[in-house]
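Please look over the following structure and consider the questions posed after it.

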Amino acid sequence: MANKVNLTIDGINVAVDEGKTILEAARSLNIHIPTLCYHEDLCVAGNCRVCVVEQEKVKTLPASCAMPVSEGMVIHTNSMKVRLARKHIVELLLSEHNADCTKCYKNGNCELQGLASQMLTGDHMFLDLVPDKKYTIDMFNSAIIKDDSRCIRCQRCVRTCEELQSVSALGVAHKGDKMKISTFFEHSLLEVVCTNCGQCVNRCPTGALIERNYIDQVWDAIYDPNKHVVVQTAPAVRIALGEALGMPSGKIVTGRMVAALKRLGFNAVLDTDFTADLTIIEEGHELLTRLKKALVDKDPSIALPMATSCSPGWIKFIEHTFPEFLPNLSTCKSPQQMFGALAKTYYAQKRKLDPKNIVSVSIMPCTAKKFEANRPEMRSSGYKDVDFVLTTRELGIMIKQAGLEFEALPEEKFDSFMGVSSGAAVIFGSTGGVMEAALRTAYEIVTGREVPFDGLNITPVRGTEGEVREASVLIERTVPAWNFLEGVELKCVVANGLAHAKTVMQNVRDGKANYHFIEIMACPGGCLGGGGQPIPTNPEIRAKRKEAIYAEDMGMSIRKSHENPEVAALYTEFLEKPLGHKSHELLHTHYTPRKRY
Amino acid sequence: MSDQSLKRVDLIFGEYSNVKYKILADTLARTNDAILKDILDSGLRGRGGAGFPTAMKWKYTAETTSEEKYVICNADEGEPGTFKDREILLRVPRKVFSGMAICGKVIGSKKGYMYLRGEYRFMLNDLNRELDIYHEHAKKLGFDFTIEIRLGSGAYICGEESALFESMEGGRGEPRNKPPYPTTSGFMKKPTVINNVETFVNVMMIMRLGPDQYKKLGTTDSRGSKVFSVSGDTPIPGIYELELGMPLDRFVDEFGDGDTKAVQVGGASGFCVPRKKFKDTVIGFEGVPTGGSMMIFNSSRSMYNVLHNYLEFFQEESCGQCTPCRVGCQQLLKGIVAVKKGEKKAAYLDQLMKLSESMKITAKCGLGQSVANSFSSIVNNFKEEMIY
Ligand SMILES: Cc1cc2nc3c(=O)[nH]c(=O)nc-3n(C[C@H](O)[C@H](O)[C@H](O)COP(=O)(O)O)c2cc1C
Ligand code: SF4
Ligand code: SF4
Ligand code: SF4
Ligand code: SF4
Ligand code: FES
């Protein structure tokens with residue numbers, strides 16, 4: 001056990017573990033010291049100085065987020081000295097800040113604004129520095145907008161991009177009054193290694209990094225009587241949307257979400273989970289085919305291990321960072337893009353609609369999906385397969401705009417067809433979910449039996465945040481068609497967060513690891529921690545979302561993708577067979593090597 | 001009259017011995033405890049500005065167990081008006097290297113670095129030549145401590161010790177949170193002693209003279225002599241080695257041009273002392289400390305311009321990471337301009353004074369914390385010049 005340190009905070013004695021900070025000690029007493037640069041997911045920067053406190057017998061005010069406790073410390077978190085210093089600091093930040101909140105996307109969910117309102121900063125004690133600053137806004141990217149005029153230089157984004165994602169697209173440039181958050185040679189985020197994962201957006205305390213929103217475009221489509229607007233909702237949206245609408249974390253709001261979407265006026269409310277199941281069928285067959293070609297046919301052109309391809313942040317990352325491994329990526333499109341391609345083909349045919357009148361909208365926990373939808377390859381229906389991608393947050397805004405009392409909505413069911421899904425699809429939203437879903441199906445194809453895990457829960461592959469999880473499944477008693485796999489130990493690895501993805505790929509590259517199948521999700525915890533999810537995010541919130549996902553899986557009547565009846569119908573009516581000609585045309589894609597900076 | 005209280009000394013630049021690296025050889029034969037005790041007894045405090053007791057710094061680092069430890073000589077010398085380290089390195093580099101080597105022995109380090117100001121690149125060849133000689137001698141003495149020179153990038157903030165480590169590690173020169181202090185986590189997160197160029201030379205002085213002799217120089221709080229960089233309105237600008245603890249009026253008598261209005265002690269991050277306070281001001285840790293810079297202003301100078309100049313310097317040289325310093329410097333600069341132009345009332349200066357106080361107690365590192373020194377001492381003492 002760690003040694004205890006005794007200290008006094010605002011007159012209260014407390015003993016905390018050695019190594020804790022004053023901030024943590026204060027929180028344990030329910031004393032909330034304001035913070036801006038501090039974030040639970042990141043290393044301590046100690047640069048905003050908003051969290052300063054007074055320590056008796058010390059002349060300067062230590063930053064509570066960065067100062068470890070020490071024996072006998074006497075701390076005041078709200079003394080006259082602290083209050084003035086804190087007010088000065090917030091006033092200074094505001095003097096550099098383009099604080100026209102009514103024009104700002106973060107209005108109402110902004111940490112700086114919250115602090116300013118707490119401190120009654122109305123009197124503007126210092127000069128306005130904004131007119132002399134030549135702030136720029138990077139609006140070139142389809143996913144993320146970077147507005148320097150709203151940046152408080154807390155460097156959360158820089159730490160996020162480096163520590164969690166190992167991308168380092170953002171860095172600090174210049175010094176002094178010119179110091180700013182920038183990219184390689186100050187290029188647009190569009191032109192650098194940025195993966196559009198949106199993790200920086202999730203952690204930016206202001207409106208300096210936001211998603212590009214398409215709310216008005218979607219309303220326009222809904223209002224247009226000539227358009228048939230279909231909406232698909234990703235697995236991880238239903239377990240987080242509640243947070244954006246004032247509900248506690250970890251609530252499953254599938255039924256209410258569907259009801260809300262119908263009230264918003266979408267013509268069909270469908271489920272990305274449907275194409276998640278489809279992805280499993282395609283990707284499962286792809287894996288088995290690759291194994292066969294490699295092990296039986298000894299085809300040297302077959303790239304193994306095969307890596308999942310449903311996380312577009314991961315795709316852009318590997319295109320930049322490990323372009324030599326592009327052949328290892330599954331050619332399967334992400335469920336979003338499979339859905340989009342089918343919406344304007346299969347769905348259009350079945351509903352007798354002209355695809356040019358279909359507007360396909362997706363609700364995603366993700367900002368990278370906005371970029372993905374704009375890739376030139378994503379037009380296999382002959383149109384833009386997915387017209388607009390909205391984040392969970394944007395849907396939250398639309399629901400508020402429509403004046404819906406979300407919690408009070410009655411639960412409704414997805415429209416059919418392309419609205420039915422399995423529990424295997426639901427768990428796509430968590431790290432390890434795709435792997436588990438794929439194993440549930442592939443194992444059964446190969447052995448004719450269910451995976452040998454209690455309740456189909458393949459817990460060994462259920463990933464954990466901040467961890468690379470390796471697991472293997474022994475294949476025994478195969479059916480004749482797959483008996484070349486008899487006795488093979490299928491080696492899998494699951495990683496979430498691009499920093500861990502990098503570790504996995506380096507190990508593969510350096511021959512330190514020998515896998516068959518790699519699942520990577522770009523975001524911490526998987527899509528449940530996606531860059532389009534409600535803000536704030538922290539390990540506790542993500543843990544609750546994860547619980548909700550597995551609870552939803554357990555509650556589904558269908559647990560395996562290959563038992564999804566609508567997917568089966570899709571094959572008989574339209575696609576014919578997995579990896580067939582139509583599949584290749586609509587559901588599979590290719591990748592583009594990109595520069596390493 | 002000045003002669004009795006203003007003692008010129010010639011210890012730092014003087015030759016000690018005809019035998020090269022003799023003192024180093026003698027000292028290496030002693031025990032670490034004995035060396036540390038001498039430095040402790042001497043009362044030596046760091047010459048880089050903050051004045052931390054050198055013996056304590058070495059002792060803490062010696063006591064931290066680690067496979068790797070480092071000795072770093074801070075030769076970034078960026079403080080405006082300071083050029084004494086340059087002179088030391090040009091004239092007696094051997095003493096600096098020897099001081100570093102002794103530190104290496106005491107703390108148990110095998111590797112030393114000198115972080116040399118980018119502008120001093122011109123002396124790199126000479127220094128490396130001297131280093132070769134040092135390494136030869138160290139080898140002969142069977143002493144395993146090598147020294148390497150790294151060139152700085154030209155930013156003032158890289159003289160701050162933790163920013164210096166960041167810079168040496170290839171990062172951006174941004175100060176770190178303290179604790180941890182360098183004694184436990186410095187360069188490469190390993191225990192590190194970082195000292196100013198002159199501090200290492202003082203160690204050599206103590207090794208040669210012994211603490212008792214050394215202590216005869218200076219005052220109780222400020223032992224030893226100090227190299228001063230004298231500039232501004234003086235007929236005799238240059239480098240002078242003087243005893244610490246001198247009264248400022250004696251200094252002005254000797255170096256001023258007869259019309260001295262103020263002396264800026266310790267560079268832009270130091271204090272401005274006006275004429276009326278010369279008499280009561282002692283130059284040393286008990287009074288006004290200085291890393292060596294003494295800038296003399298006569299009555300033709302506008303103190304508004306002087307302050308404006310300093311604030312411009314800080315606004316640009318702040319690393320920019322922390323709020324009080326990055327934005328505070330801009331506000332102070334723009335603020336005095338606004339008052340001067342009449343766009344803000346004179347009372348706004350009080351507001352700015354409070355702001356500078358907040359900067360002093362909340363900034364992350366010494367740079368932002370010390371802006372208030374020159375700001376408040378100039379504004380307080382020359383208020384009319386700020387307004388009219
Ligand atoms: C902004 C800033 C710049 C500094 N520049 C220097 C410098 O150029 N040289 C130096 O020796 N110390 C400089 N220091 C002080 C160092 O951080 C450190 O205290 C010093 O090197 C310790 O050496 P000493 O104990 O021998 O004085 C600077 C400090 C600050 C805050
Ligand atoms: S970032 Fe926050 S404080 Fe700034 S304008 Fe937007 S809402 Fe207002
Ligand atoms: S963009 Fe946001 S997270 Fe990044 S430094 Fe600016 S305010 Fe902080
Ligand atoms: S979106 Fe992701 S990759 Fe791009 S800058 Fe933000 S954290 Fe880095
Ligand atoms: S006080 Fe200034 S130089 Fe020091 S960390 Fe803060 S911004 Fe950087
Ligand atoms: S929250 Fe502690 S310094 Fe920013």
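The questions and answers below concern this predicted model.

Q: Which element supplies the largest share of the lining of the second largest pocket?
A: The second largest pocket holds about 840 Å³ of space and is lined by 32 residues. At least two lining residues each come from helix H4 (156–164) and strand S7 (171–173) of chain A and from helix H8 (161–168) of chain B. The largest share, 4 residues, is supplied by H4(A).

Q: How many charged residues are in the lining of the second largest pocket?
A: The residues nearest the centre of this pocket are A:Cys43, A:Gln155, A:Arg159, B:Glu166 and B:Glu174. By class, the lining has 12 nonpolar and 10 polar residues, and the number of charged residues is 10.

Q: Why do the buried residues of helix H6 of chain A lie on the same side of H6(A)?
A: The buried residues of this helix, which spans residues 215–223, are A:Ile215, A:Val218, A:Trp219, A:Ala221 and A:Ile222. They are on the same side of H6(A) because the arc they cover around the axis is only 160°.

Q: Which exposed residues does the face of H6(A) turned away from its buried side carry?
A: The buried residues of H6(A) are covered by parts of chain A that include strand S10 (228–233), helix H8 (254–264), strand S13 (358–364), strand S14 (388–391) and helix H13 (392–401). On the face turned away from the buried side, the exposed residues are A:Asp216, A:Asp220 and A:Tyr223.

Q: What is the volume of the largest cavity?
A: The structure holds 9 cavities of 30 Å³ or more. The largest cavity is lined by 14 residues, with A:Pro235, A:Pro335, A:Lys369, A:Phe428 and A:Cys527 nearest its centre. Its lining has 11 nonpolar, 2 polar and 1 charged residues, and its volume is about 130 Å³.

Q: How many charged residues are in the lining of the second largest cavity?
A: The second largest cavity has a volume of about 100 Å³. Its lining comprises 16 residues, and A:Cys151, A:Cys157, A:Cys204, A:Ala208 and A:Leu209 lie nearest its centre. Strand S6 (144–147) and H4 of chain A each supply at least two of the lining residues. The lining divides into 9 nonpolar and 2 polar residues, while the number of charged residues is 5.

Q: How many polar residues are in the shell around ligand 2?
A: Ligand 2 is surrounded by 13 residues, the closest being A:His97, A:Cys101, A:Cys104, A:Cys110 and A:Gly207. The shell contains 4 nonpolar and 3 charged residues, and its number of polar residues is 6.

Note on methods
Residues numbered from 1 in each chain as written. Chains lettered and ligands numbered in written order. Predicted model: local features only at pLDDT ≥ 70, side-chain atom pairs only at ≥ 80, totals over all residues. Heavy atoms only, no water. 1 Å grid on protein atoms, 1.4 Å probe; cavity = no way out; pocket = protein on both sides within 12 Å on 5 of 7 lines; lining within 4 Å. Points joined across faces, edges and corners; volume = space filled by probe spheres on them. Nonpolar A, V, L, I, M, F, W, Y, C, P; charged D, E, K, R; others polar. Near = heavy atom within 4 Å. Buried < 20%, exposed > 50% of the residue type's maximum accessible area, 1.4 Å probe, protein only. Arc of directions from axis to C-beta. Contact = heavy atoms within 4.5 Å.
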